Protein chains: 2
Amino acid sequence: MSRTEIATLGEFGLIDHLTRDIQLKQSTSVKGIGDDAAIVNNQHKRTLVTTDLLLEGIHFDLIYVPLKHLGYKAAVVNFSDIYAMNGRPQQITVSLGISKRFSVEDLEAFYEGIKLACEIYGVDIVGGDTTSSLTGFTISITCIGIADKEKIVCRNGARDTDLIYVSGDLGASYMGLQLLEREKNAFDGSGDFQPDFSGKEYLLERQLKPEARKDIVQALGENGIVPTAMIDISDGLSSDLLHICKQSNVGCQIFEERLPVDYQTAMMAETFNMNVTMVALNGGEDYELLFTVPLHLHDQMADIGGVRLIGHISKPETGCYLVTRDGQEMLLRAQGWDPIAGE
Amino acid sequence: MSRTEIATLGEFGLIDHLTRDIQLKQSTSVKGIGDDAAIVNNQHKRTLVTTDLLLEGIHFDLIYVPLKHLGYKAAVVNFSDIYAMNGRPQQITVSLGISKRFSVEDLEAFYEGIKLACEIYGVDIVGGDTTSSLTGFTISITCIGIADKEKIVCRNGARDTDLIYVSGDLGASYMGLQLLEREKNAFDGSGDFQPDFSGKEYLLERQLKPEARKDIVQALGENGIVPTAMIDISDGLSSDLLHICKQSNVGCQIFEERLPVDYQTAMMAETFNMNVTMVALNGGEDYELLFTVPLHLHDQMADIGGVRLIGHISKPETGCYLVTRDGQEMLLRAQGWDPIAGE
């Protein structure tokens, strides 16, 4: 593959090069890249704003993450935050700190991933900032979304007896990460090592190319269901459910036997000698939606595909518990991925 | 000073600690920190979005930049971008990548600077992301602003015969940076060195604690003047004026004798044996407003304090020139601070 040094384009040249084919498609995008600020028109709607900072060595390892996938994931995790408010992502800004070792082709691959995600989810790239970095690759993405005022769902609306649902399945992304780390370590030790990922594609996809649950938000909307509280699972089911409980001032009970786990996740947990329930509770980076709905909507929820009832909200004094298969109660803890405490 | 290790608080604890006293004051801020996204209500207005990524070693040097000043500046440079659209900044999100060597007190100082800037400019902190960094301090700030649809000023509206104005004075921030770099190098060579900044306070202030020109935007508004094009000077007058000319498809003539330069800037340029006009043209980080208004508003512009007429827009085929004191025409070049090409 050819390698074009970034210095041959300069800052403005690079931005032009990477963004020249970007078109605005959303009716809410008035003006995009190329001025001091982008212009957005969200009349009669609320504007949602979320932002994520991703740092090399902390959030991703370029040894096993292809740049196109990284771009895709960096965009999607922001969309996920907007869906978690029951909103629709509309625009993103992309700021990059890039190190010398990157070529123009590297950044093209990264932008390809971002553009693909934006195309699939119907989001416009409206701005950003590109600068050199003395150290690792730095990605900061801000996403702007819209929502009807009365349909926004925060974390603080869960009430006693509400039902707790989760979309998709849990723990696969974490097992994908373990798998990649293992292969990386094996590779470090031997030059002719060939990683074998067959039968584990789902785990890798969940880690490297996660999707945001636009489909769930759409299905809820079409069925006239507005959750009482919602969050996307980035730190792990346990940690994120505790966010809802704390902010709603409620307790909860969830059931081990109801936690959705894929076959590949369970198999890989066994290979790694890990407790699969712990993986599902604390793995993180699932980007599934965790939400609560009033009890009386139970029957209506049957029309929503791809979600599972995992428990219910209780009074605050009862605490937050997992009920195990053998009927024991285990206190939920925020053991989610915490990049600061884990340093 | 006491030093509290960040690990004692953890990620969520740290965010809580730094943001617990943050209140929302803007009527457009519906919900701030603590959910998947912030909620903004900009009904009947356009929403403006701008973002800046600041990296240690590229954009700032913690050897001579106090963290409180850095926080202040990081916020203000974003406000400046919103003013440059003739808008009003309303909210910011603050994402930080922090290295181990930082204490909680360090981050408190940084946040103090951000909060002070927000208080002075009437802006709410509504969200962000805090993570550890394996390397330097990383700051990503996104600012949301509002503007009336018909009063937004972009870079592409300048027309032949328009007058070119600039606020404040130019080059002082760049000379402040040169001064700090010189003292740092001197300090590196000798243990008992005492920097002498007396008589140069203005240069340091312009570099370390710049202000955004809210006052100019207000004065223009009160006088019913909407510029045809506007930009804030971050890369240098020359580079930023060329942005306006390129996007408006026009040429320009500006006059050396009209460039506003402070006495301290001129003195320091002489000390450093630099051409003061080059400093004014290419210094950068002035955060002054550069804008164009139709010729017929010339008399009305006399009511706007703190701005100076420096030239006029011309047809595209005449090119972009500086007319020197001795009447020669010098082609304007984008020699502004370019962190990528300059690597």
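Student: In this predicted model, which residue of β10(B) stands opposite B:Y165?

Tutor: B:Y165 stands opposite B:F291. The two strands concerned are β7 (residues 163–167) of chain B and β10(B), which run antiparallel and are joined by 4 bridges.

Student: Why is strand β10 of chain B called mostly covered?

Tutor: A residue counts as buried when 20 or more other C-beta atoms lie within 10 Å of its own. In β10 (residues 289–293) of chain B, 5 of the 5 residues are buried. The strand is therefore described as mostly covered.

Student: How do you know that both faces of β10(B) are covered?

Tutor: In a regular strand, side chains alternate between the two faces of the sheet. On one side of β10(B) are B:L289, B:F291 and B:V293, and on the other are B:L290 and B:T292. These residues are all buried, on both sides.

Student: Why does A:I141 count as buried?

Tutor: The cut-off is 20 or more C-beta neighbours within 10 Å. A:I141 has 29 such neighbours inside 10 Å, so A:I141 counts as buried. This residue is found in strand β6 (residues 138–147) of chain A. Leaving aside neighbours within four places in sequence, the contacts of A:I141 include A:T51, A:D52, A:A74 and A:N78.

Student: Which strands form the open sheet that includes β6(A), and in what order?

Tutor: The order is β5(A)-β4(A)-β6(A)-β3(A)-β2(B)-β1(B), an open sheet of 6 strands with mixed pairing.

Student: Why are β5 of chain A and β1 of chain B said to stand at the edges?

Tutor: Strands β5 (124–132) of chain A and β1 (29–31) of chain B each have a single partner strand, so one side of each is left without a neighbour in the sheet. From one strand to the next, the twist averages 20°.

Student: What makes the pairing in this sheet mixed?

Tutor: Two pairs illustrate the mixed pairing. Strand β4 (residues 88–98) of chain A and β5(A) pair in the parallel sense over 8 bridges, with A:D129 in β5(A) as the bridge partner of A:S95. Strand β2 (residues 38–40) of chain A and β3 (residues 46–55) of chain B, by contrast, pair in the antiparallel sense over 3 bridges. There, A:I39 has B:L48 as its bridge partner.

Student: Which helix lies across β4 and β5 of chain A?

Tutor: Helix α3 (residues 104–121) of chain A lies across these strands, running at about 170° to β4(A).

Student: How do you know that chains A and B have the relation of a two-fold axis?

Tutor: Chain A can be laid on chain B by a turn of 180° with a shift of 0.0 Å along the axis, at an RMSD of 0.0 Å. That is why the relation is that of a two-fold axis. In chain A, the C-alpha nearest the axis belongs to A:Q43, 2.6 Å from it.

Student: What does the domain assignment of chain A give?

Tutor: It gives domain 1 (6–151) and domain 2 (163–331). Their centres, taken over C-alpha atoms, are separated by 26 Å. The contact takes 16 residues from domain 1 of chain A and 18 residues from domain 2 of chain A. Helix α2 (residues 67–83) of chain A gives the most to the domain 1 side, with 9 residues.

Key
Residues are numbered from 1 along each chain as its sequence is written. Chains are lettered from A and ligands numbered from 1 in the order in which they are written. This is a predicted model: local features need pLDDT of at least 70, side-chain atom pairs count only at pLDDT 80 or more; totals for chains, interfaces and linings use all residues. Two strands pair if DSSP finds at least two bridges between them. Domain bounds come from an automatic or database domain assignment. Two residues are in contact if their C-beta atoms, placed from the backbone, lie within 7 Å. Copies are superposed by least squares on the C-alpha atoms of residues with pLDDT of at least 70 in both. A residue is buried if 20 or more other C-beta atoms lie within 10 Å of its own, exposed if 12 or fewer, and partly exposed in between; C-beta atoms are placed from the backbone. Axes are lines fitted to C-alpha atoms, for helices over the stretch in contact, and angles run from 0 to 180 degrees between N-to-C directions.
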